[in-house]
Amino acid sequence: MDRQQRLWTWEQTAEPYLFAASMLFLTSYTVRVLVPGLSPGWSTFWEIVTIVTWGAFIVEYLARLLLSDDRRHFVRTRWLDLIVTVLPLLRPLRIVDLHERMQRRRDHPRLALEARVMAYAGLTSLLLGFAASLAVYHDEHGAPDANIRSFGDAVWWAASTLTTTGYGDATPVTGRGRVTGVGLMFLGVALVGAVVGSFSSWLMRRFRQEGER
């Protein structure tokens, strides 16, 4: 078995465990942010869950790096994997990469291209919006002069930012909150653009089919 085959086998074997670890990481972060009155025992437990799952992401990435034939090429082409390993709250972006690998192994996709793009972009948007809401609420709710005081405010801010609406009634005031906002703006443009473009493509294809009848 060559190195490329071993890498592919490793990825297939590790994928369900990585998904479980991602859910655990998001759950632990959610509990630590939204339940501030945890007992010392539970607080320590969820901190350990966060550290262990984050460590699992790092170990898995390093294992794939060691199994690759060309490590520089791996780092260049798998840059998204490196980003979501360093910043685990961005792991929903891996849905796009996972989708592409699934499609390469499937000769006849069940859904049309436009439907697949809209479905995966929509799911990624929801997960990223939730993660961004948690991050901004964590940084903002106790800051002086902050206007994002509740998790509901953070969800409203994330929705308006992700959809590029930007009402301006809820804005981050801390440095980390603004960095999160900038990242969400760029991702929102890309994801919303993918959904709108795919929907427009589907409409044009339908109109063309109707015209040919």
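A salt bridge is a side-chain nitrogen of Lys or Arg within 4 Å of a carboxyl oxygen of Asp or Glu. The model is a predicted one, in which local features need pLDDT of at least 70, side-chain atom pairs count only at pLDDT 80 or more, and totals for chains, interfaces and linings use all residues. Residues are numbered from 1 along each chain as its sequence is written, and side-chain values use heavy atoms, leaving out hydrogens and water.

**The whole chain.** Helices (H or I, at least four residues) and strands (E, at least two) are DSSP runs, numbered from the N terminus. Of the 213 residues, 35% count as buried, where buried means under 20% relative accessible area, exposed over 50%, and partly exposed in between (1.4 Å probe, protein chains only).

**First selection.** Select Arg 64 and Asp 81, which form a salt bridge whose closest N and O atoms are 2.7 Å apart. Arg 64 lies in helix H2 (residues 40-67) and Asp 81 in helix H4 (residues 79-86), so the pair ties together parts 17 residues apart in sequence. Both Arg 64 and Asp 81 are buried.

**Last selection.** Move to Arg 176 and Asp 139, joined by a salt bridge (2.7 Å, N to O). Arg 176 belongs to helix H8 (residues 175-212) and Asp 139 to helix H6 (residues 113-140), 37 residues apart.
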